[in-house]
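Here are my notes for your first look at this structure. Please keep the viewer open and find each spot as you read.

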Amino acid sequence: MCVIERTPVIETRRLALRAPEPRDAARLSELASDYDVAKMTLRMPHPYQVADGLAFVEAVQAQDPRRAATFVIDHEDGGPIGVIGLFEDADPAPEVGYWIGRPFWGRGLATEALEGALVWARKAWKRRALTAGHFTDNPASGRVLEKAGFLYTGEVRRGFSKARGDWTRTRRMVWLA
Ligand SMILES: CC(C)(COP(=O)(O)OP(=O)(O)OC[C@H]1O[C@@H](n2cnc3c(N)ncnc32)[C@H](O)[C@@H]1OP(=O)(O)O)[C@@H](O)C(=O)NCCC(=O)NCCS
C-alpha cells in the first residue's frame with residue numbers, strides 16, 4: 001500500500017515546499033493581490049483578500065492527499081513566496097499549477113519549485129506523468145515548464161480565468177516521469 005504523508009516537506013537548494021497554514025494567509029494574499037499574478041491563472045480571484053487566502057488554506061487542508069497536494073513555496077530568506085499544487089482533474093494524469101510573487105520573479109525559483117515537486121510526484125506520489133497548461137500570453141510559464149522537462153502536446157484548450165472574467169487559450173503540456 002502506498003501511504004501518502006498529509007504534510008510532506010520537499011526541500012530544494014533555496015526552497016522548502018510545505019503545507020499551507022492559516023498564518024500564511026496574510027502574506028500569500030499580499031503577493032496574490034497582484035493582478036499580473038492572478039490573471040495568469042484560472043482560479044485565483046482578483047482582488048485577492050486575506051479571506052481568500054484563508055479559504056485557500058482551508059480548502060487545501062480538506063484535500064484528499066491521494067488526489068491532490070498543495071504546497072506553500074517557502075524561500076530560505078524571503079519566507080512564503082508562492083504556491084505550487086498538483087491535483088487530479090478530468091485528465092488521466094494529475095495537473096500541476098503554481099505562482100510566485102512578483103518580487104521573486106526571474107531568479108529561477110518557479111523552476112526550482114517545480115523540479116522539486118516533480119521529484120516528489122515520481123518518488124513519493126508514485127505518478128508516472130503530469131500535465132500542465134499555460135495561457136498563450138504567458139510564455140514565461142511555458143519556459144518554466146520546458147526547463148523542468150515538460151513538452152507541448154499541441155492541444156490548445158479554452159478556459160475561463162476568474163481574475164480576467166474572460167475566456168483564455170491554454171497551451172497544454174505533459175511530463176513523463
Ligand atoms: C511564470 C512565473 C511562475 C515564473 O516564475 P519565475 O520564478 O520568474 O520563473 P524562473 O525564473 O524559474 O524562469 C522564468 C523563465 O521565463 C523566461 N521569461 C520571462 N519572461 C519571459 C517572456 N516574456 N517570454 C519568454 N520567456 C520569458 C525567463 O527568461 C526564464 O527563462 P530562462 O531561465 O531560460 O532565462 C511567475 O512569473 C508567475 O508566478 N507569474 C504569474 C502566475 C503564473 O503565470 N503562474 C503560472 C500559470 S501557468
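Predicted model: local features only at pLDDT ≥ 70, side-chain atom pairs only at ≥ 80, totals over all residues.

1. **Polar atoms at the ligand.** A polar backbone atom of Gly106 sits 2.7 Å from an oxygen atom of the ligand. Ala110 also takes part through its backbone, where an N or O atom is 3.0 Å from a ligand oxygen atom. With Asn138 it is the side chain that matters: a polar atom there is 2.7 Å from an oxygen atom of the ligand. On its own the ligand would expose 960 Å², and the protein buries 70% of that.

2. Ser141, Gly142, Val144 and Leu145 are its buried residues. Around the axis they cover an arc of only 155°, which puts them on the same side of α5. Pro139 and Ala140 are exposed, on the face turned away from that buried side. The cover over the buried residues includes β5, α4, β6, β7 and β8. After α5 comes Gly149, with a positive phi near 105°.

3. Helix α1 (residues 25-32) has Ala25, Leu28, Ser29, Leu31 and Ala32 as its buried residues. Looking down the axis of α1, you will find them within an arc of 165°, so they line one face of the helix. The partners that the buried residues of α1 pack against are α2 (35-38), α3 (50-61), β3 (68-75), β4 (79-87) and β5 (95-100).

4. The bond between His46 and Pro47 is a cis peptide bond, with omega about 0°. You can find Pro47 in the loop between α2 and α3. Lys126 is not a glycine, yet its phi is positive, near 60°. Lys126 belongs to the loop between α4 and β6. Is Lys126 buried or exposed? With a relative accessibility of 53%, Lys126 counts as exposed, because the cut-off for exposed is over 50%.

5. **Arg164 in its loop.** This residue sits between β7 (151-161) and β8 (166-176). Arg164 is partly exposed, at 24% relative accessible area. Which backbone oxygen does the side chain of Arg164 reach? It is that of Lys39, at 2.6 Å. Setting aside residues up to four places away in sequence, Arg164 touches Tyr35, Lys39, Met40, Phe135 and Asp137. As for Val60, 104 residues away along the chain, its C-alpha atom is separated from that of Arg164 by 23 Å.

6. **Two buried threonines.** Strand β6 contains Thr131, and strand β8 contains Thr170. Thr131 has a relative accessible area of 11%, and Thr170 has one of 9%. Both count as buried, because the cut-off for buried is under 20%. The side chain of Thr131 makes a polar contact of 3.3 Å with the side chain of Arg172. Beyond its neighbours within four places in sequence, Thr131 is in contact with several residues, including Asp91, Ala93, Phe150, Arg172 and Val174. Thr170, with residues up to four places away left out, touches Gly133, His134, Phe135, Glu155, Val156 and Arg157.

Terms used
Residues numbered from 1 in each chain as written. Heavy atoms only, no water. Buried < 20%, exposed > 50% of the residue type's maximum accessible area, 1.4 Å probe, protein only. Helix = DSSP H or I, 4+ residues; strand = E, 2+ residues; numbered from the N terminus. Arc of directions from axis to C-beta. Contact = heavy atoms within 4.5 Å. Polar contact = N/O pair within 3.5 Å; in protein donor to acceptor, adjacent residues only side chain to side chain. Areas by Shrake-Rupley, 256 points an atom, 1.4 Å probe, with all protein chains shown as cover.
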